[in-house]
2 protein chains.
Amino acid sequence: MRILLAFASLFVSLSLAAGSDTLNLMPMPASIQAGGGQLSLERSFSVAMSGYRDAALDRAVQRFLAQLSRQTGIPFSQKTGGVSNPTLTIRADHAREKVQKLGEDEAYELAVSGSGATLSAPNPLGILRGLQTFLQLVNITPSGFAVPELNIKDQPRFPWRGTLIDVGRHFIPLDVLKRNVDGLAAVKMNVLHWHLYDDQGFRIESKRFPKLQQDGSGGQYYTQDEIREFVAYAYERGVRIVPEFEMPGHSRSVLAGYPELGSGSGPYPVEPGAPDVAIDPTREETYKFIDKFIEEMSKLFPDEYVHIGGDEVNPEPWNANPKIQEFIRAHGMKNNQDLQAYFNQRVQKILDKHHKIMIGWDEVLHPELPKTVVVQSWRGQESLAAAARQGYRGLLSFGYYLDLMWPAARHYAGDPMSGDAANLTSEEKGRILGGESCMWSEWVTPENIDSRIWPRNAAIAERLWSPPEVQDPASMYRRLSSVSQSLEWLGLTQRSSLHPALERMSGGGDVKALGVLAGVVEPVKDYVRMDGVKGPWDFRAPLNHLIDIVRPESDQAREFAEMVQSYIAGGHQDARAAAEIRQRLITWRDNDARLHAELEGSFLLQELVPLSQNLSTLGSAGLFALDYLEKATPSPENWRSQQLAWIEQTKAPTANLLMMVTAPVQQLVEASGRERTQR
Amino acid sequence: MRILLAFASLFVSLSLAAGSDTLNLMPMPASIQAGGGQLSLERSFSVAMSGYRDAALDRAVQRFLAQLSRQTGIPFSQKTGGVSNPTLTIRADHAREKVQKLGEDEAYELAVSGSGATLSAPNPLGILRGLQTFLQLVNITPSGFAVPELNIKDQPRFPWRGTLIDVGRHFIPLDVLKRNVDGLAAVKMNVLHWHLYDDQGFRIESKRFPKLQQDGSGGQYYTQDEIREFVAYAYERGVRIVPEFEMPGHSRSVLAGYPELGSGSGPYPVEPGAPDVAIDPTREETYKFIDKFIEEMSKLFPDEYVHIGGDEVNPEPWNANPKIQEFIRAHGMKNNQDLQAYFNQRVQKILDKHHKIMIGWDEVLHPELPKTVVVQSWRGQESLAAAARQGYRGLLSFGYYLDLMWPAARHYAGDPMSGDAANLTSEEKGRILGGESCMWSEWVTPENIDSRIWPRNAAIAERLWSPPEVQDPASMYRRLSSVSQSLEWLGLTQRSSLHPALERMSGGGDVKALGVLAGVVEPVKDYVRMDGVKGPWDFRAPLNHLIDIVRPESDQAREFAEMVQSYIAGGHQDARAAAEIRQRLITWRDNDARLHAELEGSFLLQELVPLSQNLSTLGSAGLFALDYLEKATPSPENWRSQQLAWIEQTKAPTANLLMMVTAPVQQLVEASGRERTQR
């Protein structure tokens, strides 16, 4: 593994120098050798298959051809048999596992010459990965669609590259999940961690315990047939479905139907603002229930791993129950943590009985658990390293929480092997299996979930697949934009969902001016939105405000900030850059006048009135500063200090939105004062 | 019927005066009485059902609530039982027919007050129509989503309001058809005329004659299960599926598998450029085949009507067969037309045996056919009137061909009762059942079909539903834009498909400049594109050029033309109008410089180079003219005549695209010369 990686890195360096960075590949392959020519994709494009072949692989090739047709608009023939002079030859050596295994070989080689291409891999899993690479290589040229000549040897850095989707807090229908699995496969992720329930909703049909869905789902759950179909769907795309059955906390929706398992007196209806409750770990009935439940679920979810959650158990419900506290004392435990460790050991034995390996969040880590257990760290590399030192395998999720609305570059900079993990021995490092991004769904709906996951998730996918040397954020953003575009051909809606939502808010008509405002703001970060909720958080409330719609990261603001920085760094000599900056500032200055009536006319837009005014004023301030920068005369100090004080105020969120062009305008204003001394 | 209409018209006039034209309803209801207040749509919005109720109606209400949630972003409860204080009460008197009947009552009444709404109808069909009206009434206000207070009494003008979709020339998958059925239902159309095969492809699974799909479909057909599911899907939305089994012409794909039925010697593979062939009407085997085929199809398609095509039978194949010519002589027929009449009579008897009523295109009209036959006219109102005079019922499709790329206003102006039909007696007029728009698919793919059908089809739907007095194109365009927006909430893609297609053509990146060009051009009209094809038309060719993507009608060009006309008519005094005109002209003038490199870099865009240059030059010419108009000084005559000569040249299509801002720029240039004399 180590040797392979070193080998791979060498090639990446070579190839980056040779221009592979102009390729729109994401994740970047381990090794690329670029040639000079290209393979034209004519209408006669055809695929032949040699070596191992099965029906699932055939279907994968059909999907590849259909996707190639969508991307190009060329109706390629879907024939894969009896092709005499194939454009692309596919060769797998042997079958893949019937149930996709952690660490199963995903390597592939793709060789493209002017006359044809060959994709080979030990098994169909590698072929799936290589087909995605081929799709990303297709570009338009003056003479037609083409793929550049090159040789790619590729394999993942980490064997576990996943995304958690929480369907408990807001139900996400299967069609939305399916297109997201397509997205995972497109960026070579291999795990969907399905957070199947939480306090707000239970989403699985249980035949053994039907009150789970009857009382816990509000009618929104997946039938067993649907789950089986979805698991098969994901398997065909090389994605493992790892289910999470959260316990003993975060499971109010379980107790809705089975209050006798709760630590309090119940009932526990699923409703906003209900007090925390936890499963009672002191009763034998609890373990009987879990045993039967896991038995049933094991038949639905073939993956070897089962996640039992285990995080954030509120001590209050256990503290409030004298029997539980008596149990702790009677069994010589020190506290609730010991009780949870006892619970986890019991659960782990049940999982073991059903041939499942346990995963849990950091909190489950306890020396009495067997070393097979996998720890998923939401706390950070330190916690991950600690687990690895104790002999446990681990996954990093800290730094990959998509609901925190961070920019892609911030996720991208997080590495499972960084921080304390960098100090591990080679053997300990081998226990770090990879990571998972997490799409917690407090503020997520079927309408906006794609825009929360994508495209940022592709940057995390690259972190987990590509050699660690692949680090340049500028290259990442360029390729991220391209991958986002092609993800929409899969049916994902992270870009297309914006426009209709703006129209809904404005009541129709031209939404250009509203789009200008939407394009330069971002949702507040971290847990600011939740912290600002007055009263109990209502998971049934409409999510139709601008914050629910705008993308987590404003590309326009990022690009403007780069433009301003480079203009100032260059001593504001660049007249062309100044003109581009000016054009944007004028648009912003004039936008509020265009937008004002529209904002007043809609109850969903009224809260944006001050934000729109701020944008307009920022535009004016920036223009004033730019005038002085261009004249090479310092701006009046009075004006400047007034402006800077006012700008400071605009940094506070409005309607839970951050104005992202504040900082670059502030830089312009500041620079406009330094003029004389600088030159 | 006549009395009802007169009554309805009175109310429309009243209500138009009272401001109902500000409502975004399409088709406009027969009668609206507007109140002053509004009904707020709170999260507590609920529906109760009284009167007749069945599972299908319940599902319709669920779909209505889901759609209301999509439109507003509010997760309304889908409960319809046990609601104590409902916002909307629905009451149907009795069941609808098990198989939707021509002329079945579609009337409904919708009464909205500040405290609640009531929707009542004789049967669930009317409820379906009324729920669509309710959805169109929802608008956003400063205090929330709301529906205006009003009373609507509504029923259709014509009982047959359909759209033909041709899936023979290009296969259209069921999911695309389903969303189009949703679109038909949204604008109260009630027939999908399914043109199920043509020379280029046979799209039905036949168990009796499996070579039909095996040899005639290229693998692209609907299974019988899919067809049954689709028919049920349409029924639940109040849309009849009327199948068309085209014969004796346009049926090469039938003869691919069964060449013995053909008039020549075969074989007849489905391929581009194959010579015309027709079914041999002189052999008894032909009628045995049709009998068995219709028997099988009758079980799949429950509708009482079956379309047998019958149009455009090329005389050549019959002329070339001596046996057929001998048959004509031996039976005392004059010509091929008589032979087709004989064929139609035989087919009609077969249909009759299977309890089906025959529809055919104009050509089937022949005095020996029974008066039950319905004639669908692609030739015009004259042909329709002639049929009605002879006692046949008829449908108008002339004027409603969506593939001709006409503006909505042109379709809208066509009326089944106009032209010669206006001279019919009242009884004869009663035979005109309505009309159908036609989406012939020579240039249509699953990707662009929505943009060919919508939103123009909504204008045709209004023509067929609303009272004939509803005629104002300006009101139509305003409402059409709104209905187009809401159709996208159903999953239709007539607007959202443009952007990704532009990105495909440009290879990604910013497509703003390409969008400017795409926004002011239209596809060539009528059959100009087909006429320009060199060699045989290749139905397998990629449809990924700009012509395949741009909308049939440029809203921007239409709006610019109106702006220029009003500016010139007003004696070019309106400085604000001049500024708006100037802004557009500047954008166009500068666009080519932004776009040029992009055009050169893509084989799909290179053909647009002259078009882009023309737009730029038109922008410059318009600006020059505008300068003179604003100065109130005539432009130099030399310049003007040069410009006008050049403008004339730009009227010729480039890459099968028409530059739609040519005419208004020409008007500016012309007006700039008249200046001095005018004032």
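Biologist: Which side chain does R582(A) meet in a salt bridge?
Modeller: The side chain of E630(A). The N to O distance is 2.8 Å. Keep in mind that this is a predicted model.

Biologist: Where do the two partners sit in chain A?
Modeller: R582(A) is in helix α23, residues 575-600. E630(A) is in helix α24, residues 609-631. The pair links distant parts of the chain, 48 residues apart.

Biologist: What about networks? Which residues do salt bridges with shared partners join?
Modeller: D166(A), R169(A), D198(A) and E442(A) form one network.

Biologist: Pick R129(A). What does its side chain pair with?
Modeller: E106(A), in a salt bridge of 2.9 Å, N to O. R129(A) lies in helix α3 (124-137), whereas E106(A) lies in the loop between β3 (88-92) and β4 (108-113), so the bridge ties together parts 23 residues apart in sequence.

Biologist: Are those two buried or exposed?
Modeller: Both R129(A) and E106(A) are buried.

Biologist: And E553(A), which partner does it have?
Modeller: R558(A), with 3.7 Å from N to O in the salt bridge.

Biologist: Why does E553(A) count as buried?
Modeller: Its relative accessibility is 12%, and the cut-off for buried is under 20%. R558(A) counts as buried too, at 18%.

Biologist: New topic, chain B. Which residues of helix α10 are buried?
Modeller: I324(B), Q325(B), F327(B) and I328(B), in a helix that spans residues 322-330. Seen down the axis of α10(B), the buried residues fall within an arc of 155°, so they line one face.

Biologist: Which exposed residues are on the face turned away from that side?
Modeller: P322(B), K323(B), R329(B) and A330(B).

Biologist: What covers the buried residues of α10(B)?
Modeller: The cover includes two helices of chain B, α9 (315-319) and α11 (336-353).

Biologist: At the start of α10(B), what does the side-chain oxygen of N321(B) reach?
Modeller: The backbone nitrogen of K323(B), to within 2.9 Å.

Biologist: Which residue with a positive phi follows α10(B)?
Modeller: G332(B), with phi near 65°.

How values were computed
Residues numbered from 1 in each chain as written. Chains lettered and ligands numbered in written order. Predicted model: local features only at pLDDT ≥ 70, side-chain atom pairs only at ≥ 80, totals over all residues. Heavy atoms only, no water. Buried < 20%, exposed > 50% of the residue type's maximum accessible area, 1.4 Å probe, protein only. Helix = DSSP H or I, 4+ residues; strand = E, 2+ residues; numbered from the N terminus. Arc of directions from axis to C-beta. Contact = heavy atoms within 4.5 Å. Polar contact = N/O pair within 3.5 Å; in protein donor to acceptor, adjacent residues only side chain to side chain. Salt bridge = Lys/Arg side-chain N within 4 Å of Asp/Glu carboxyl O.
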